[in-house]
2 protein chains.
Amino acid sequence: MTYNLVADALRAAMARQDGEAICRLLSELRPADLAEFLRQEQPREALQLFQQLHTAQRAEVFGYLPAEAQLQLAEVMDDHALSQLLTRMDADERADLFKLFDAERQERILRGLAHHEREDLRRLSSYAEGTAGSVMTSDYVVVPADMSARDALEHIRLTAPDAETIYQIYVLDAQQRIIGTLSLRELILGRPQAPISELMTRDVVSLQVHATQEEAARLISRYDLMTLPIIDEAQRMIGIITYDDALDVVEEEATEDIHKGATIGKLEGGLRGASLFTLYRKRIGWLVLLVFANIFSGAGIAYFEDTISAYIALVFFLPLLIDSGGNAGSQAATLMVRGLATGDVRFRDWGRLLGRELGVASALGLTMALAVSGLGFIRGGEQIALVVALSMVLVVMIGSLIGMCLPFLLQRLKLDPATASAPLVTSIADASGVLIYFGIATAILGLPDV
Amino acid sequence: MTYNLVADALRAAMARQDGEAICRLLSELRPADLAEFLRQEQPREALQLFQQLHTAQRAEVFGYLPAEAQLQLAEVMDDHALSQLLTRMDADERADLFKLFDAERQERILRGLAHHEREDLRRLSSYAEGTAGSVMTSDYVVVPADMSARDALEHIRLTAPDAETIYQIYVLDAQQRIIGTLSLRELILGRPQAPISELMTRDVVSLQVHATQEEAARLISRYDLMTLPIIDEAQRMIGIITYDDALDVVEEEATEDIHKGATIGKLEGGLRGASLFTLYRKRIGWLVLLVFANIFSGAGIAYFEDTISAYIALVFFLPLLIDSGGNAGSQAATLMVRGLATGDVRFRDWGRLLGRELGVASALGLTMALAVSGLGFIRGGEQIALVVALSMVLVVMIGSLIGMCLPFLLQRLKLDPATASAPLVTSIADASGVLIYFGIATAILGLPDV
């Protein structure tokens, strides 16, 4: 609530060009809120406001902005202002922004930085998008194993005030390999004279730099970690990923999975900022593919043209029957895809889950058959009711089984189970629905003599 | 990887009843892994293993188990063992477990606890599922405003070793209202003689106890908080929610949204553990509703029976055309529902997004019309090609607009936008698709004289 009030007041102050009020209101907003506000404004107004912030405030606000907004602001800043900003940003956020510039500006920026920062930036920005390396930061705390707890605390006070987090502390050997870790909590609650080696845990969960960011988020979530140390091929520690990054990754991955489930390709940088062309490109692929998948349904219908001509009332039930198979199938596929993604189900559960799905699907099919048989009777008499009810049971069962098995099959083939989207399952279920429905109809009603 | 190796060795040791190996292997697994292992075992084996753990280890492992597994183990433990376990668990996890017992056992458990713990447990377990209160914990650190940083650190060392987190410290007034907060980092990096009032931030983000857990997760994510303080109606601080709870909530909410998008009701406790009846119950509702929604499509077809009889070739294109509208509509709806859920889009963006969707949808429709017009020509000649192409453009556009607008409409009516599931959008798009297709066909081909 407070945010909305301040935001409205700020907009009003901007409209009447009241510099003093603007300045006061800007200081009342938290960095995250300020970023939100800047995103809502037009680029020109956003830039004006941004220029009124102190350098320290700018760096903080910047971290909360999405990539395109960062780039928009950075593009109108001169090299000096940008260098100042970059120096104050967290190492991982700095690298993310740096990657967005063209090669020429990257070179100019690198020249403006101190040697250590330059190397750090070069390294952090070199990891491919989506890897653990691309979200890690290089600011973390290391203490020697033989230091006492009291000295270690003093060491952290003096040397690590800029570390992204001082809450998890690492102990390395001469080859920079991790030999132990302790939390700041353990350091503080431990005996002040105790050596670090006595307080630390030797069992450390770590991850290779080229692993995926999802894997990093999964480890952080599974072991309730505050930070996950990242190691290179030689097992040397080179960075950490923090819990707040994991939160972002989980949200991002969920969005990606939800979009994939509706046959939408990965959208970088959110929906609001996406261009018309980007949206077209991310949506058209599967839509056209599915058109061709649906030709099978059409061909099935063409095959039964004689039956349909003779009993045109059957067409009334066509959408209802084939959609039911698709809907039940989508449910089953969605349950499996999400279960596999969160680790709730595994490949080896397949057999047991298949048995249960058979039970659930028959119960669903029978209920729905009951619901439509009355309608079938009213519109077409006893025989049509029988055809429709029988078809419903089979269509729902086949649809559910297709939906349930497809994600497992895809995983078996080392493809993404999430490709088993609702529309794909629906198309496959539709085609089998057409065959089942008209096949049963032809069998029960008989083919007329034309 | 290591986990799988140890787990296999442990299973082998259990098979040959090698007590010593079991004991050694148990100590090699981390609590989260041990919980994973117990979940995979049969209840009887799981219990046997669990009984071999120390009480402290039990409490830790317990926290990682899902609710049903906790209950299964707790039900075969005697009251004394259970009390011991409860005393060592985190306050929030303890309350979650407590809520699962029947009233009689709850009373027995409460009698076995010390006064303070009893009151705490009663209070924490009284909040409704899904509220901030239901995920908060009551173990947090408070320091007086006039204490020095050095004394505060000593105070924390001595009084708060059991707090769920000591990383965020709160300063309260005499009425228990929050007047400031500081992180352990700020405490340690601050001047040792400085009073807390000088180091603390007065601007504290907090949340009412009856707010939703999603709101809590949203605040933690938005402001990158480690803990979110929870207050009652009188603004008194009564608990905190920690970042790792937020991670769980985000995952849980994403799963719920994904399921809702495929018309599946909320599944408590995951897919694997769900019974056949539960799954039936969570899936049947919308399936039956959608059967009736599809009657509109059927009725549309019945209305155009004469056209269909005359040009039976039209039926070939029916699945392909109406599915395309549904698919484009599902894409649009999914983008909006997720955008609204993550806060990426807001109600007031509606107008701008509508304009863009019109552009995207016409581009999609034209591309797809191109893809099918050839097919239409081959199967039915020039006129059919024209009917199919025209229908495709309109069907895709109308489907997309329905999909895009429905979530906003639902939000306007204070309903959950996520109700605009792919199957619902598909059914509505289907019905309009039937009318468009056969309407255009009748107009262009003309109604034959029967």
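1. A quick convention before anything else: contact here means heavy atoms within 4.5 Å. Keep in mind that this is a predicted model, where local features need pLDDT of at least 70, side-chain atom pairs count only at pLDDT 80 or more, and totals for chains, interfaces and linings use all residues. Residues are numbered from 1 along each chain as its sequence is written, chains are lettered from A and ligands numbered from 1 in the order in which they are written, and side-chain values use heavy atoms, with hydrogens and water left out.

2. Start with B:S148. On chain B, B:S148 sits in the loop between strand 1 (141-142) and helix 12 (149-159); helices (H or I, at least four residues) and strands (E, at least two) are DSSP runs, numbered from the N terminus. Beyond its neighbours within four places in sequence, B:S148 is in contact with B:P192, B:Q193, B:A194, B:P195 and B:I196. The B:S148 side chain also reaches the backbone nitrogen of B:D151 at 3.2 Å.

3. Is B:S148 buried or exposed? B:S148 counts as buried because its relative accessibility is 15% (buried is under 20% relative accessible area, exposed over 50%, partly exposed in between, with a 1.4 Å probe and protein chains only).

4. Over on chain A, look at A:L73 in helix 6 (residues 67-75). A:L73 is buried too, with a relative accessible area of 5%. Leaving out residues up to four places away in sequence, A:L73 touches A:A46, A:L47, A:F50, A:F62 and A:L65. A:A114, 41 residues from A:L73 in sequence, lies 23 Å from A:L73, C-alpha to C-alpha.

5. Helix 16 of chain A (residues 243-260) has 18 residues and spans 25 Å from first C-alpha to last, close to the 26 Å expected at 1.5 Å a residue; the expected span is 1.5 Å times one less than the number of residues. Helix 16 is mostly covered, with 13 of its 18 residues buried.

6. Now the interface. In chain A, 119 residues are in contact with 119 residues of chain B. About 10,800 Å² is buried between the two chains, with carbon and sulfur atoms giving 62%; buried area is the accessible area (1.4 Å probe) that two parts lose on being put together, summed over both.

7. How many salt bridges are there between chain A and chain B? The count is 12, a salt bridge being a side-chain nitrogen of Lys or Arg within 4 Å of a carboxyl oxygen of Asp or Glu. A:R30 and B:D203 meet in a salt bridge through their side chains, at 2.7 Å, N to O.

Methods. Polar contact = N/O pair within 3.5 Å; in protein donor to acceptor, adjacent residues only side chain to side chain.
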